[in-house]
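Thanks, everyone, for making the time this morning.

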Amino acid sequence: MSPLSGYLLVAALVFAIGLAGALTRRNAILVLIGIELMLNAANLNLIAFWRYGPHPEALTGLMFAVFSIAIAAAEAAVGLGLVISIYRHLKTTDLDEINRMKG
Amino acid sequence: MTSSFAENLDQIFVLLKHWIVALVPVPLQPLVGAVLSVAAIIVVFATLFAIAVLMERKGLGRMQNRYGPNRVGPLGILQPAADGIKALIKEDVVPYNADHVVHFLAPIVLVVVVFMGYAVLPIGRNMTFVPMDAGLLFYFAMGASAELSVFMAGWSSRNKYSMLGAMRAIAQMISYEIPLLMTSVIVVMMTGSLSLDKIAEVQNQYTWGLPHWFVFTPMGFAAFVMFAIAATAETNRSPFDLPEGESEIIAGYFTEYSGFKFAEFFLGEYVAMLSISGLGATLFLGGWSAPLEVLNVVPSWFWFVVKIMTAMCVFIWMRGTLPRLRQDQLMNFAWKFVLPMTLLDLMVAGLWRFMGEGILRWVVCSAILLAAYVIGGRAGMKREQFGPRSYRYAE
Amino acid sequence: MPSNPGDVILFVILSALTVAGGLAAVLLRNVVHCALALTGAFIGLALLFLRLDAQFAGFAQILVYVGAVAILVVFAILLTRSSETPATGVFSKTWLAGLVVAAAVFAVLAWAVLQSEPALPHAPGEPQVSVMQIGNALMGQYVLPLEIVAVLLTAAMIGAVIVAMHEKKETAK
Amino acid sequence: MLGEGILKGLAETARNFAGSFVSKERLTTVQYPEERAPAIEASRVFPFLVYDGPEWEAGLRCVACQICEKECPPKCIYIEKSKDKKPDYVGKLQIYPARFDIDVSVCMSCQICVEVCPFEAIKMDTEFELATDDRFGGLLHDRKSLAKSNEYYHTIHPTEAAEVDARLAEEKAKVEEKARAAAAAAAAKAAEAPKSEAPKTGEGTEAQ
């Protein structure tokens with residue numbers, strides 16, 4: 001087994017954990033946590049491919065990961081802002097109870 | 001002969017380390033070298049912490065026309081030892097409802113993270129523990145992690161004062177971390193490197209015997225002032241010590257800590273101050289370089305220690321002088337004055353780069369910064385009118 | 001494995017830290033504990049980045065995720081009063097379906113990775129990438145994405161502030 | 001300009017810092033165990049029992065009336081009356097406290113016992129070094145440790161003690177005057193009618 005497949009398997013596992021968290025938890029914030037985990041798993045993949053790929057000097061994978069980190073920060077800020085906004089309207093962050101489009 | 005002696009004295013710790021490392025078998029050498037460096041950093045900065053605490057207590061006393069501690073040992077110089085023993089033998093009280101694991105981890109995380117910042121600080125010539133290419137980024141990554149330990153301490157205590165103190169501390173640290181980073185970016189723009197060794201090395205040049213420190217350029221000076229303000233806020237020091245405002249919230253996030261854990265927070269706070277002074281000295285005050293060319297015979301590590309202790313004296317002096325800010329003043333100052341000034345400074349740094357050599361760029365850059373400072377200061381000093389307080393999230 | 005046993009052990013430890021942090025982040029009952037466990041997972045990932053010689057990405061990961069995202073998450077938790085563990089279950093009604101989907105995704109990914117094993121490059125390149133190179137790339141080849149990210153971050157910041165801002169009309173009602 | 005005030009303030013603290021090394025007058029601290037601040041007459045810390053004359057047990061002014069015990073807000077005074085009587089300062093027979101204990105750890109220095117005492121027997125002391133390493137025994141002061149002479153009272157609160165003495169002397173004089181008058185009346189009565197009842201006059205003086 002090559003080191004790259006090790007990293008890829010870890011990334012896949014973290015991605016699956018994040019997905020499971022996003023799909024099974026009731027709390028909206030935990031869903032966001034799951035999404036963050038998935039994004040990070042993708043970053044790990046990108047960096048692993050960059051490191052073990054044929055052209056590491058091209059920096060593409062690394063750059064992709066850096067931009068992805070920046071975008072994830074924006075995503076977290078907006079996502080959590082939305083959660084707070086929803087909480088203020090409905091007094092809950094339980095996704096099973098948030099089932100109406102009407103505020 | 002003299003110069004070689006001075007060089008040896010300059011590198012004495014490096015040579016000592018090499019000598020000790022050479023004594024152990026080859027496979028163990030990296031490990032022993034690392035352990036030696038870590039032990040040296042911890043011992044030296046813990047000692048400086050003790051000296052700083054004593055200086056603070058005696059200095060504040062003198063500023064308030066008191067003697068300060070003068071009982072333990074001659075002139076009270078053993079006071080830190082007495083304090084340490086007292087903290088160690090005190091009972092460690094943990095609140096019944098506290099989250100024990102997080103409560104236990106918070107001070108450890110703080111101390112570890114704070115000490116890790118020293119890994120990239122150039123303490124002397126060739127005396128960086130880990131000479132890292134992205135050293136500055138590493139330093140700020142560690143600084144950002146300290147916020148988490150503050151939150152852990154505040155939340156796990158299950159105490160509203162701790163919680164409020166932690167929220168205040170985090171809000172303040174995040175707000176002032178941005179100017180802190182931005183001012184460092186100015187230095188990075190001037191050197192073209194994120195490595196702190198490189199930054200210190202660049203400043204170790206002299207014209208007419210005077211050093212090329214960044215603080216002696218217009219935007220460097222402005223950045224240094226902003227850095228000092230942001231660093232004071234970042235380390236929760238007076239006048240930005242709202243997170244531990246005794247009059248309102250007892251001791252802030254470490255209200256529920258006692259004994260050794262409290263000592264750890266205390267140590268963490270002072271070591272963070274020393275470390276951020278070290279960063280400021282490296283970025284703006286030439287790191288380990290001597291203030292005059294002729295003084296280069298004095299070892300480089302001595303200058304570094306002198307610089308950080310001077311910075312500590314200024315911290316203490318400010319604590320003895322300034323009253324505590326109010327929360328809204330703190331935030332307004334960060335977002336409406338320090339951050340715009342820093343951004344402008346960033347632009348001036350670019351301008352400086354493209355204006356070429358000569359007196360003109362000095363005049364233009366100084367004039368822009370001074371004008372912005374005066375106008376910004378005027379605008380900021382306008383008295384604000386407050387309406388009735390509204391509670392946004394507590395409805 | 002071609003790499004030496006020390007590297008393997010380190011890799012296993014770091015992966016274990018990451019996976020344990022991730023598992024704790026989705027499984028623990030107390031939401032604040034979840035956020036702190038998530039921080040553990042982020043640190044594990046940052047260390048894995050460092051193992052992959054991506055110093056810049058590793059430190060940026062700690063700076064952004066531990067210093068900013070984790071703090072944002074705990075702030076959101078406290079502002080929405082989620083830190084009290086709910087009396088009802090913490091898992092959604094459709095948890096079984098979610099778990100099956102996640103397991104299926106992992107199975108497919110793992111199968112794909114193991115199937116393509118022979119095709120994967122075995123000898124790793126030795127990238128000597130300095131921060132200087134990254135900076136040059138950001139300011140040269142990647143300057144357009146950089147500017148777009150800058151605009152995106154500004155938009156996100158303004159958006160987050162507006163979304164979370166108090167609506168005056170709401171309270172007047 | 002922004003920051004001017006800060007610089008002024010820094011200069012002020014620097015002046016104080018340097019000044020504290022130069023001029024000793026700036027330092028107001030009294031280095032306590034070696035030096036002591038001059039005694040303040042109005043200070044009060046903890047009650048003591050005043051006695052007259054050289055013998056503390058005989059000279060205690062306290063008559064164990066227990067008013068202070070009842071009035072004490074934290075109930076830190078404990079008094080046991082004696083079975084026998086001894087003469088007080090006017091020479092009249094009075095009961096005296098067989099036990100008089102005050103607990104330092106409970107006392108709150110309110111001075112109410114002093115205010116209510118009709119016999120000027122309990123006064124406030126200026127002695128403040130009451131700390132002890134004996135937590136239970138050492139903090140409970142008994143009759144003997146509480147008893148302090150009137151001369152001591154004069155040294156710590158001269159004005160107040162002089163007033164008290166004047167009052168006592170006046171009272172004593174009044175009592176003696178009355179006794180003398182009564183004696184004279186009794187003598188006159190006895191001279192007038194030798195079968196007069198002498199015990200009644202005795203009762204009359206006692207009632208005062």
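I will go from a chain interface to one helix pair within it, and then to a sheet and a single helix elsewhere. Please keep in mind throughout that this is a predicted model.

Let me begin with chains A and C, where 64 residues of chain A are in contact with 73 residues of chain C. On the chain A side, the elements that contribute two or more residues are helix H1 (3-24), helix H2 (28-52) and helix H3 (60-90), and of these H3(A) gives the most, with 20 residues.

The contact of H3(A) with H6(C) divides into 17 nonpolar residues, three polar and no charged.

Now let me turn to chain D, where three strands form an open sheet in the order S4-S1-S6, with mixed pairing. Strand S4 (122-125) and strand S6 (147-149) of chain D stand at the edges, and each has a single partner strand, so one side of each is left without a neighbour in the sheet. From one strand to the next, the twist averages 55°. Looking at one of the pairings in detail, strand S1 (residues 46-51) of chain D runs in the parallel sense with S6(D), over three bridges, and Tyr51(D) has Ser149(D) in S6(D) as its bridge partner.

Finally, there is helix H6 of chain B, which covers residues 135-156 and so has 22 residues by its own count. From its first C-alpha to its last, H6(B) reaches 32 Å, close to the 32 Å expected at 1.5 Å a residue. Is this helix enclosed by the rest of the structure, or exposed? With 22 of its 22 residues buried, H6(B) is largely enclosed by the rest of the structure. After H6(B) comes Arg158(B), whose phi is positive, near 55°.

Note on methods: Residues numbered from 1 in each chain as written. Chains lettered and ligands numbered in written order. Predicted model: local features only at pLDDT ≥ 70, side-chain atom pairs only at ≥ 80, totals over all residues. Helix = DSSP H or I, 4+ residues; strand = E, 2+ residues; numbered from the N terminus. Expected span 1.5 Å × (residues − 1). Buried ≥ 20, exposed ≤ 12 C-beta atoms within 10 Å, placed from the backbone. Contact = placed C-beta atoms within 7 Å. Pairing = 2+ DSSP bridges. Axes fitted to C-alpha atoms, helices over the stretch in contact; angles between N-to-C directions. Nonpolar A, V, L, I, M, F, W, Y, C, P; charged D, E, K, R; others polar.
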